[in-house]
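Subject: Structure handover

Hello,

Please find the structure handed over below, with the sequence. My notes come after it.

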Amino acid sequence: MAWRRFRHNRGAMAGLVVLGVIVLIVLVAPLFVPYTPTAVDPNHVREGLSAAHWLGTDDTGRDTLARLLAGGQVSLLVGFAAAASALVIGTTLGIVSGRAGGWLDLLITRITELFMAIPSILVVIVLAGVVGPSIGLLITLIALFTWPSCCRIARSVVLKVRELEYVQAAHAAGTVWWRILLRHLLPNVLPQVMVSGTLLVAIAILSEASLSYLGLGVTPPAASWGNMLMEVRSFGKLASQPWLWVPPGVAISLTTLSVVFIGDGLRDALDPKAASS
Amino acid sequence: MLRYLVTRVGTMLGILVVVSIGLFSLIHAAPGDPVSAMISPEELGNSEAFVKARTHELGLDRPVVEQYVAWLGRAIQGDLGESFRNNGRPVLGLLLERLGPTMELVFTAVIGSVVFSLALGVFAASRKNRPADYLVSGGTLLFMSVPAFFLGMLAMYLFAFQLQLLPSTGMASPGDGGAADLASHLVLPAGVLAVAETAKLTRYVRAGMLEELGADYVRTALAKGASLRRARRHALRNTLLPLITLLVVGIPELLGGTVVVEILFSWPGMGQLTIDAITYHDYPLIIGFGVLATILVLLSNFLGDFLYRLADPRVRLR
Amino acid sequence: MRGGKIVAAIVCAVAVLATSCSPPPDASGGGGDGIVKYAATAKPSHLNPLATFLAGDTTVLTLLQDTLFVADQNGKYQPRLAEKWDVSDDATTYTFHLRKGQKWSDGTPFTAKDVAFSLNLYANPKVASPQSTRLAGIKGYAEYQSGAATSLAGVRADGDDTVVVELSTPDAGFLSLIGAAMYLFILPEKVFATKDPTSVMSDKWWFEQKPGMGPFTLQELKPDQHVIVKRNPNFRSPVKFDQLYLNFVTPEVAAGQLGTKEADIAPVVPVESQSVEAMDGVRIEKRESPGFVRFAVNMRQPYLADVRVRQAMLYALDRKGMIKAALNDFGTVQNSVFMTDWALPDGLNDYAQDVDKARELLTQAGWDTNRELVIPYDPNQSDRVAMLNIAGENLKAVGIKTRLLPDPKIDSLKAGSWDIYLFGGGVYPIDPATLSPILTCAQVYPKGGNIPGFCDQRLDQLMAEGASTTDRETRAKSYQEAAKIENEQVPYLWIVRTQTLAGVSDRVRGYVPWGDITMSFIDVDKWTVS
């Protein structure tokens, strides 16, 4: 039912298709590109689009297309992994919190508040200084600061569902807790959380971009969409070498856009009252 | 009510302590120290006596726990210590000095996003499913997807360098400080900061307006001959409070966004100060900023929760 | 109407913002003819020459204070507060003759007493200044440090215009020690005589700097924003315009400000030179740097102690390619740390790129291809990052794996956890004696600036010989042999002597470009503004 509504949402389907295409290209296309993302070529620096380099070259002669694809793998990996981790952590804690009630609920809620109160940029920068920036750290950090929202949603859904009659009946009848979990809680929690989950992917991808821009994310010589933009810091490059920044900028925007469309579609499919298109 | 406030304040203080301990441990665990960070590697050899003297002067040779307790003792009295790097100026004074410009940015961004999101949201709702609506909806999605610093670079390039309509960096032109100059410097950074938030809020306003206008009581009133404009005004009023709530809750995110924007536009706010502090291991300043930022976030959460309760009395306060 | 209320709200808000926030700075005569705007990329932190030297501090200090003399770009010393000086044949006595009739910016007379006092202040053990060791060769230094004496026996003022400095051992390189760059700014005796030396480091005076001997006085200092300085009419050669604004911006934005006329002068990154040249009314001025960019090789690591490994790394690098790609061809390949013409012998190995030779040397040395070299670097310097990317690929091609570690304050260097480290700077052409701190055994980091930890007894001997006499020919012989040793041993992977570029607006004429960017204002009295 909900899937049918989703399918009819043109925006959402378009988003799904575009995202799928991006993922496919990023995974498969590197096999066809004759350059590696880090191979330098001082004789072909700062060149524009050409038959040899479809998206031109950068300051050290590296092929932009190769870097775009490799960067895509990294950015998408970080995006999905961070969002997935946040989702799992947040949902688990939220369900536990809502289901258990009492002191456990209080504790988890306080922890959620704590994480939401910490100025994330500060912690990220300091941690990157201690541990050294890396992809693993990036995923962990982004997940660490985005799980609270999932937790809150999961918890509020559980609280609502708990009050429902048939759930109370099941409980009174002595049904095992994990069956209640599977049958009643999860089917209600998951869809809601998925909506926020897709938004998390968008947030994660944008966070990676910002952190790499600040030099805290993916470090050279590896490529990521974010750090490709970081390398276009000077305005000479912005004006005269658009092939360096337009592709990663468009890639980030397109990916995030499709994810947001999918998220919108999911939300509309699950809750037709809120449908706005 | 009183009990609620007391527990709430108590929790906030507890969180502050935890955050300060966490930050303290983190920065002391990081490699490097503030004194040698002030010296270029080649000069380090000449500076042994200097390093020893300064290290002792700043109390950095004492055990970490002792340093923390000393810090806490002063912090409780409102004294956040002295900055290592900025010639020993008091941390609190430095932060407050920089808080002004950052708050100007955030404040302008907040006002701007409320104004624009209301205008655009209402406009889109009223032209539902027509090209204008699609334009707005598409636009909001687009601006939510573009990273702020990228947008900032584009904007700086277009408006400052190409069209030369606005200054590119800084808060004021030296020798000038008038309102017009300040305003022109504010436009780009505040605008860039506000964009994503505006997009988010516009979508909310639009959705909210449509939901209200679609509600039964409204439809009945319209069917009975009430004016559309009045209906719209009612709908708007009902969307307003949740909108403000959403806004307030989004302030911590905005604060985070100021770091990148301030660096890009050389805006002399807390963001720049913090990055420098972290790079140079200026411990008192880092902790001071952490505490201040946490307070701001906690306050806006508190305010947000309060507004939530106003908007929906069913929500119980804990 | 609803819209009207909102508009009113905005107007109120803007009014509140504009009037209540930060007080307007000195609005003294907005833009205009008498003002030069400089886009500065390094911010000052403490403006205290007794403390440490970071680029931002030096630049601003040169505006407000002055030194006795400084090395210019042609291998000579430019007289500043001192008009001329005599050096005894055995290189132990230096007599400085100050210009007559000089005044502090507040009009009071400047005398030899200020110089003598300042030198004692720099060496004062209670102050613990890192610059103190520059004066370690002066007679009585050890006694001063231990407390047995209350001042330097070897420094005395002789009348109002003469200062005599006596060294305990001969040092032909003493002038370069105190004047290769702007190190020992002369401070006002009447201000500091009454201050407690132990607290002088955190004194508030550093943010006022009055009086000073520099071409300007400080008018306004907003850290992170700008510095405004005003013409000092008491300077020995008063500048030809009223004010100088230094705006602190990030390097990416600096050049762009030339186009919008927000800056009259700005540093230009080499790869941007074409964009800047295309701007209307702006020209590029360039000058060779007095230092050079190199990798220090951590010779304490056992796997880097073998000279064949170091030579192999050098043979692997495509230095010409690095210059072309990262520096837009603005630079020349270096093959030695020695930069003074007469100290360089013929026949130094130029280590032209030879990948096969590199591989051969590595095999001979038994290199472990699984080993990964850690390279710390400062991510804020885009041209260095580009060089590192190329170097990484070059090394990979011969079987050496690398890992770049972003580390703006080079903490890993101080912790010892690094393998090779790319950095630049130095002021070496004036005298080969300036290389002792980076080559000799006694100066092995962290004791001194010898970051690789290189130690060769014969080289040490040659460097000492070179400093022991003032006879050019004898010195040359010693230094040339030292240069041969260094060239063979490769403690540094020398890369390039860079060029420093500045974009200058056509309304500023007479601008003298300096290879060392912190010296941009040394010749500010020669600038004219239209």
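This is a predicted model: local features need pLDDT of at least 70, side-chain atom pairs count only at pLDDT 80 or more; totals for chains, interfaces and linings use all residues.

Chains A and B

Chain A has eleven helices and zero strands. Its C-alpha trace spans about 75 × 45 × 30 Å along the principal axes. Of the 277 residues in chain A, 54% are buried. Among contacts in chain A with a separation of 6 or more, 70% join residues 24 or more positions apart.

Chain B has 13 helices, again with zero strands. The C-alpha trace of chain B spans about 85 × 60 × 35 Å along its principal axes. Buried residues account for 47% of the 318 residues in chain B. For contacts in chain B with a separation of 6 or more, the share from residues 24 or more positions apart is 72%.

Helix α11 of chain B covers residues 251–264, which is 14 residues; at 1.5 Å a residue it should span 20 Å, and because its end C-alpha atoms are 20 Å apart, the model agrees with that. After α11(B) comes S266(B), which has a positive phi, near 50°.

Helix α7 of chain B has 15 residues, 148–162, and should span 21 Å at 1.5 Å a residue; its end C-alpha atoms are 20 Å apart, which agrees. The buried residues of α7(B) include A148(B), F149(B), F150(B), L151(B), M153(B) and A160(B). α7(B) is followed by Q164(B), where phi is positive, near 50°.

A sheet in chain C

Four strands of chain C make an open sheet in the order β4-β5-β7-β6, with antiparallel pairing. β4 (82–87) and β6 (155–157) of chain C are at the edges; each has a single partner strand, so one side of each is left without a neighbour in the sheet. On average, and ignoring direction, neighbouring strands of this sheet are turned by 15° against each other.

The pairing of β6(C) with strand β7 (residues 162–166) of chain C is antiparallel and runs over three bridges. Helix α3 (residues 112–123) of chain C lies across β5 (93–98), β6 and β7 of chain C, and runs at about 160° to β6(C).

The contact between chains C and A

Which residues make up this contact? Chain C gives 23 residues and chain A gives 20 residues. On the side of chain C that touches chain A, the elements that give two or more residues are α11 (319–327), α13 (382–397) and β16 (401–406) of chain C. α13(C) has the largest share of that side, at seven residues. By class, the side of chain C that touches chain A holds twelve nonpolar, six polar and five charged residues.

Regards

Terms used
Residues are numbered from 1 along each chain as its sequence is written. Chains are lettered from A and ligands numbered from 1 in the order in which they are written. Two residues are in contact if their C-beta atoms, placed from the backbone, lie within 7 Å. Ala, Val, Leu, Ile, Met, Phe, Trp, Tyr, Cys and Pro count as nonpolar, Asp, Glu, Lys and Arg as charged, and the others, Gly among them, as polar. A residue is buried if 20 or more other C-beta atoms lie within 10 Å of its own, exposed if 12 or fewer, and partly exposed in between; C-beta atoms are placed from the backbone. The expected span of a helix is 1.5 Å times one less than its number of residues. Two strands pair if DSSP finds at least two bridges between them. Axes are lines fitted to C-alpha atoms, for helices over the stretch in contact, and angles run from 0 to 180 degrees between N-to-C directions.
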